[in-house]
Amino acid sequence: MPKIYPLGGSAIIFEFGSEISVQANMIAISLSNALLKEPFEGFVESVPAYSSVTVFFDPRLASELRKPGESCFDAVRSCVLDVLGNTRIEKAQTDEPIVIPVDFSPGCAPDLEYVADLNGIDTATVIEIFTAGVYRVFMLGFLPGFPYMASIDPKIAAPRLETPRETVPKGSIGIAGRQTGIYPLESPGGWRLIGKTETEIFLPEAAHPTLFAPGNLVKFVPV
Amino acid sequence: MTLLVRKSGILDTIQDCGRFGFRRFGINTCGAMDASALRIGNIILGNQECEAGLEMHFPAPVLEFGRSAAFALSGAEFDARLNSEPIERNAIHTAKKRDVLEFKKRISGQRCYLIVKDGFKLDAWLGSKSTNLAARVSGYEGRRLKKGDVLTIEPGKPSLHSLRASTEFDRKNSRSYPLRFIPGPDYRDLTALSMLALRNGEFLVRKNSNRMGYRLEGPPLHLLYDDEKISAAVTFGTIQLLPDSQLIILMADHQTSGGYPNIGTITSCDLSVAAQLGPGDSIKLEPVTIAEAEDIERLAEREIAILKAGLQMLGAWKS
């Protein structure tokens with residue numbers, strides 16, 4: 001049974017855990033997909049996050065779902081819980097990861113030395129460990145197409161910057177704790193930068209505007 | 001057919017009600033800060049309620065009409081002049097070719113909307129014409145207007161008789177504005193003292209407040225527990241507690257997800273009030289129940305529906 005909270009008057013958060021877990025993430029993604037496939041009256045969109053899914057609705061339309069004396073929140077909550085009850089939780093993806101080529105040279109990786117020093121290893125080892133892993137995209141957020149991926153090896157984990165950089169170059173690979181991500185655009189950012197890719201991950205001209213979707217697997221290779 | 005930017009304003013962007021359906025890809029919703037004002041302007045002109053308009057801040061642009069067009073202004077009062085003659089908000093005006101629209105002084109509010117009959121001729125991206133400034137896409141070339149830019153207006157019916165919609169939507173100036181919010185997941189984890197401070201305190205809108213969010217300054221607030229939150233969805237109006245113990249209200253250009261404690265989300269209709277506040281203004285935050293919030297929103301929607309029905313009855317346009 002998820003924890004349920006309103007997010008204003010037009011959205012509800014369904015929380016399946018308070019930590020990063022593949023299990024909770026698969027429930028969130030499965031529920032989100034089920035709602036997208038068979039939307040209820042007034043459904044706008046569902047947004048999976050690490051361990052939750054937030055369901056957005058139009059209260060003027062969702063009003064139709066109400067039983068006498070019920071609020072829109074109650075009606076939508078019941079609706080979503082019904083769908084959850086009837087949803088088979090998808091299995092986590094295990095097939096071929098998306099490969100991202102990365103330039104780890106110093107000009108592209110301003111924090112690589114910091115990460116190495118912090119963990120008492122050299123930069124070549126950081127790269128070796130980082131590229132050995134296969135990472136799961138748990139959610140997209142922060143910027144169009146930005147993938148939140150986990151979990152990197154604790155041997156190369158590093159905290160965010162105290163003060164974010166005003167400008168992070170597009171394509172930068174970042175680390176924050178045991179998460180990793182890729183900046184789809186130039187933007188301010190607080191993650192530790194350990195490399196850079198030329199691969200476009202935000203594709204506004206394409207029919208589908210992002211390279212990644214929640215649940216994808218990703219592998220980084222040095223170029 | 002066209003609107004020439006003779007002089008650009010500090011931030012003029014094309015915005016409709018927002019881009020919905022793509023939050024799960026990190027694509028933020030953008031859209032008008034004061035959605036009520038945008039909708040009212042569109043209703044007055046007989047447009048689709050969420051047709052894109054030009055959202056202007058002050059200093060606002062100087063615009064020249066390339067041909068005759070019907071337009072309306074809504075939202076903030078910037079002392080608008082058409083060929084130096086003052087013109088009212090919430091009314092239909094007809095500009096002729098070479099007429100110049102400019103804004104002399106910020107009298108009240110922060111965002112003024114220029115709505116034209118049948119809207120601006122622009123391609124939609126993912127179903128919306130709202131400018132996404134972070135991604136530099138959509139609206140007018142994904143950016144604010146610059147001198148020399150030319151907006152194309154859809155060909156519409158230029159001759160509509162003058163109509164002034166008397167609306168009660170102008171908020172009276174008050175010392176501090178109450179914004180009602182529905183408590184969020186972390187509200188109950190506020191310390192007792194912090195909860196009192198939140199409910200009774202006044203919060204100043206700081207200088208570094210903009211379309212992304214309003215940084216507030218007020219009594220420092222603390223939670224009972226210090227644990228790291230994992231990222232989850234947030235929305236327009238979400239109030240977060242930052243590490244410096246101060247609050248931020250996420251506004252129209254907010255990012256789709258956030259990892260800071262979620263204290264609550266302001267009701268949609270009060271967001272239109274918030275949208276017209278700026279640095280130096282003072283607000284109060286008032287928690288309401290879900291049932292209360294739903295009633296508040298229903299009333300606000302009913303007012304807009306009444307306006308729409310009233311104008312339709314006057315037969316100001318053929319729908």
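Two strands are taken to pair if DSSP finds at least two bridges between them. By that rule, in this predicted model, β1(A) and strand β2 (residues 11-15) of chain A pair in the antiparallel sense, over four bridges. Within this pairing, A:I4 has A:F14 of β2(A) as its bridge partner.

**The sheet of chain A and its helices**

The strands β1 and β2 belong to an open sheet of four strands in chain A, ordered β1-β2-β4-β3 and paired antiparallel. Because β1 (3-6) and β3 (43-48) of chain A each have a single partner strand, they stand at the edges, and one side of each is left without a neighbour in the sheet. On average, neighbouring strands of this sheet are turned by 20 degrees against each other, direction ignored.

Two helices of chain A lie across strands of the sheet. Helix α1 (residues 22-37) of chain A lies across β3 and β4 (52-57) of chain A, and runs at about 160 degrees to β3(A). Helix α3 (residues 72-85) of chain A lies across β1, β2 and β4 of chain A, with an angle of about 45 degrees to β2(A).

**The interface of chains A and B**

How many residues of each chain take part in the contact between chain A and chain B? In chain A there are 45 such residues, and they are in contact with 38 residues of chain B. The two chains bury about 3,200 Å² between them, and 63% of this area is on carbon and sulfur atoms. In chain A, the residues that lose the most area to chain B are A:L7, A:E45 and A:F142, which together account for 16% of what that side buries.

Polar interactions also cross between the chains. Nine residue pairs are in polar contact between chain A and chain B, with both residues at pLDDT 80 or more. On the side of chain A that touches chain B, the elements giving two or more residues are β1, β3, β4, α3 and β6 (134-140) of chain A. The largest share of that side comes from β3(A), with five residues. By residue class, the side of chain A that touches chain B divides into 26 nonpolar, 14 polar and five charged residues.

**Salt bridges**

Over all chains, a search of the whole structure finds 26 salt bridges. Across the interface of chain A and chain B, the rule finds two salt bridges. The table gives one pair between the chains and one within chain B.

| Residue | Partner | Closest N and O atoms |
|---|---|---|
| A:R60 | B:E301 | 3.3 Å |
| B:E49 | B:K308 | 3.0 Å |

Which parts of chain B does the pair of B:E49 and B:K308 link? B:E49 is in the loop between α1 (35-45) and β3 (53-56) of chain B, whereas B:K308 is in helix α4 (residues 290-314) of chain B. The pair thus links distant parts of the chain, 259 residues apart.

**The sheet of chain B**

Chain B has an open sheet of six strands in the order β7-β6-β9-β4-β1-β11, with antiparallel pairing. Its edge strands are β7 (85-86) and β11 (150-152) of chain B, each of which pairs on one side only. Strand β4 (residues 62-65) of chain B and strand β9 (residues 100-103) of chain B pair in the antiparallel sense over two bridges. In β9(B), B:L101 is the bridge partner of B:L63.

**Backbone features in loops**

In chain A, a cis peptide bond joins A:A150 and A:S151, with omega about -10 degrees. A:S151 is found in the loop between β7 (147-150) and β8 (165-168) of chain A. In chain B, B:F58 and B:P59 are joined by a cis peptide bond whose omega is about 5 degrees. B:P59 is placed in the loop between β3 and β4 of chain B. A further feature concerns B:D118, a residue other than glycine with a positive phi, near 70 degrees. B:D118 is located in the loop between β10 (108-116) and β11 of chain B.

How values were computed. Residues numbered from 1 in each chain as written. Chains lettered and ligands numbered in written order. Predicted model: local features only at pLDDT ≥ 70, side-chain atom pairs only at ≥ 80, totals over all residues. Heavy atoms only, no water. Axes fitted to C-alpha atoms, helices over the stretch in contact; angles between N-to-C directions. Contact = heavy atoms within 4.5 Å. Buried area = accessible area lost by both parts, 1.4 Å probe. Salt bridge = Lys/Arg side-chain N within 4 Å of Asp/Glu carboxyl O. Polar contact = N/O pair within 3.5 Å; in protein donor to acceptor, adjacent residues only side chain to side chain. Nonpolar A, V, L, I, M, F, W, Y, C, P; charged D, E, K, R; others polar.
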